[in-house]
Amino acid sequence: ELYKREYNYKKRAYETNIIATEKSDKNGMVVLNRQDGDNSFCINLRKGNDVLLSENYFHISKNNAERENFSTTILTDRAIYRPGQTVYFKGIVTRTQGNDKSLVKDFEETIRFMDANWQEISKASFETDEYGSFSGSFVIPTDRLNGYFRLQAGNGSTGFRVEEYKRPTFEV
């Protein structure tokens with residue numbers, strides 16, 4: 001059984017509504033073919049007296065193999081920085097269409113440098129080279145709250161920590 005928990009405003013309570021019932025084949029396989037556009041539901045599995053209720057919602061997404069997707073992977077030189085240091089990064093842009101995955105050259109990408117409060121510090125635009133990559137750097141300001149900073153692209157992001165720390169002056 002596929003069901004949804006929906007709030008009934010008249011009764012002021014949640015109700016469980018069964019939206020479809022499917023039977024498995026001899027191997028226990030069930031093919032869900034949702035045509036009504038309602039692709040978010042919970043599952044109730046039954047066999048004899050055994051029942052398994054899922055409390056999490058499952059989502060069926062339509063995978064359009066012909067749709068072109070771009071993805072930007074951003075790599076930094078370290079995972080932790082101090083205020084005032086320079087963050088050096090490299091980005092790689094890939095294009096996926098069906099099973100075909102390739103690097104994208106001459107692609108313009110804007111990178112936004114965000115602080116721990118999701119405030120934009122600065123941004124810069126880059127164009128990928130013949131290998132689908134670009135590189136750049138940002139200087140971490142000293143007047144911001146330390147914490148988890150982000151480099152945000154149109155189709156990807158990465159994060160790193162900014163903390164005050166001292167290098168050890170002793171040797172183990």
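The largest pocket is lined by 15 residues, of which E22, S24, V30, L45 and R46 lie nearest its centre. The structure is a predicted model, in which local features need pLDDT of at least 70 and side-chain atom pairs count only at pLDDT 80 or more, while totals for chains, interfaces and linings use all residues. Residues are numbered from 1 along each chain as its sequence is written, and side-chain values use heavy atoms, with hydrogens and water left out.

**The pocket**
- A pocket here is an open set of points on a 1 Å grid over the protein atoms alone, where a 1.4 Å probe fits and protein lies on both sides within 12 Å along at least five of seven lines, and lining residues have an atom within 4 Å of a point.
- Strand β3 (residues 40-47) gives the largest share of the lining of the largest pocket, namely 5 residues, where a strand is a DSSP run (E) of at least two residues, numbered from the N terminus.

**Two loop residues with positive phi**
- Most residues other than glycine have a negative phi.
- R12, which is not a glycine, has a positive phi of about 55 degrees, and R12 lies in the loop between β1 (2-8) and β2.
- D106, in the loop between β9 (100-103) and β10 (108-114), is also a residue other than glycine, and its phi is positive, near 60 degrees.
- R12 is exposed, with a relative accessible area of 69%, and D106 is exposed at 52%, where exposed means over 50% relative accessible area, computed with a 1.4 Å probe and protein chains only.

Technical notes. Helix = DSSP H or I, 4+ residues; strand = E, 2+ residues; numbered from the N terminus. Buried < 20%, exposed > 50% of the residue type's maximum accessible area, 1.4 Å probe, protein only.
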